[in-house]
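I opened this notebook to record what I looked up, entry by entry. The coordinates under study are shown first.

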Amino acid sequence: MLIKEIEIYRLSIPMEPFVIATGVMEFAQNTFVKIISDEGMYGVGECSAFPMIVGETQNTCIALAQDFAKIWIGKDPLNIEERLAELHLYIARNATIKSAFDMALYDLAAKNAGLPLYQFLGGKPRDIVTDITIGIASPEEMAAKAKNLHDHAAVALKVKLGKKPQDDIARIKAIRQAVGFDIPIRIDANQGWSYEEALEALKGLEPLKIQFCEQPMRTYNDHLLPQLRSETIVPIMADESVYDHHDAERLCRTDSCDYINIKFSKSSGIAESLKIQAVAQEFGIPCMIGGMLESRLALAAKTHFAYAAPNVKFFDLDTCMVGHLEDPVIGGIQYDGYAIKITEGPGIAADIDPAFLDKCEKWVIS
């Protein structure tokens with residue numbers, strides 16, 4: 001089997017404005033790739049650019065996708081390790097667009113084997129329930145949204161923070177007053193606090209029963225994470241501080257975090273994500289699988305990954321639930337409330353509706 005053609009699409013999905021500490025997103029800046037073999041079989045992959053976090057935009061992803069496609073034409077897609085090594089040799093970092101190509105290779109390989117991706121990876125199904133995210137707004141607005149989600153059977157709330165500590169404490173107080181203490185609350189500062197602000201915020205939040213805090217500080221303050229952990233009872237989850245398994249080992253060895261958040265858009269895809277969760281497992285550090293603003297297609301790949309990654313204990317797979325105004329996916333994951341199931345079939349068993357793709361800007365490399 002050889003790669004005959006690669007199609008690249010600008011997969012812009014309109015959404016309600018979504019606010020985090022580092023900016024506002026008004027549409028999902030996604031890229032969709034289809035790797036087609038000379039035998040007519042194809043694999044699909046999707047990535048979601050989040051420029052203020054990963055330093056990639058939809059345009060940079062599309063430009064590099066065309067370069068990547070030219071590198072791979074005429075080569076064996078089943079030699080996943082060799083194909084991915086070529087991308088890393090061609091350009092450093094740029095993990096987001098690499099993750100779409102990684103996903104497409106795994107989808108194609110699993111289809112070729114006639115297996116669902118999780119079986120191809122050696123995994124098995126298990127119960128997965130996602131949290132649901134609340135973006136930054138006034139305490140009153142966030143509390144009202146939290147109550148509505150709680151009343152509609154949400155099982156865990158992920159709350160975006162990272163502004164002034166006292167304002168953030170007020171936000172969580174208002175949410176707790178609205179929903180009580182029977183639902184887990186996870187907070188995500190998206191690197192928004194300095195060390196002093198993180199300490200002030202976390203100490204103030206301790207009475208409010210926080211399950212964990214994601215990425216309280218900028219990554220250049222990683223050396224302060226052990227000290228911060230010693231000053232608060234709120235567990236710390238590393239997110240932007242961990243892009244690959246080398247980062248994971250560094251943080252684990254220095255007792256810098258309680259948990260690690262894995263995202264394909266940071267790790268360059270499934271291959272590296274499996275390494276991250278394995279390293280973390282060696283140190284007894286549980287992981288979460290999260291994302292940017294992917295559709296149910298990429299979320300399907302993440303669910304298959306989670307089935308094969310036993311050290312992934314937390315699930316933040318709500319990315320298409322936080323304001324996507326259109327759903328272009330055929331197959332993919334299915335939600336039963338907040339419980340997640342996959343569509344049965346070989347590979348990731350997901351695709352983008354051709355009618356939606358007809359409206360998208362497209363490039364073909366052959």
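**Entry 1**

I began with W72 and left aside its neighbours within four places in sequence; its contacts are then I3, I6, I35, R83, L84, E86, L87, F101 and L105. I note that the model is a predicted one.

I next looked for another core and found one of 5 residues lying apart, with F212, M237, Y259 and F314 among them.

I then examined the largest nonpolar core, which has 121 residues. The members that touch the most other members are W72, F101, L157, V159, I172, I187 and I260.

**Entry 2: Helix α6**

I checked the length of α6, residues 139-151. At 1.5 Å a residue, its 13 residues should span 18 Å, and its end C-alpha atoms are 18 Å apart, so the two values agree.

I then asked which residues of α6 are buried. They are M142, A143, A146 and L149. Viewed down the axis of α6, the buried residues fall within an arc of 125 degrees and therefore line one face of the helix.

On the face turned away from the buried side, α6 carries the exposed residues E140 and E141.

Last, I inspected what follows α6: A153 has a positive phi, near 75 degrees.

How values were computed. Residues numbered from 1 in each chain as written. Predicted model: local features only at pLDDT ≥ 70, side-chain atom pairs only at ≥ 80, totals over all residues. Heavy atoms only, no water. Helix = DSSP H or I, 4+ residues; strand = E, 2+ residues; numbered from the N terminus. Expected span 1.5 Å × (residues − 1). Buried < 20%, exposed > 50% of the residue type's maximum accessible area, 1.4 Å probe, protein only. Arc of directions from axis to C-beta. Core = buried A, V, L, I, M, F, W, Y, C linked by side-chain atoms within 4.5 Å. Contact = heavy atoms within 4.5 Å.
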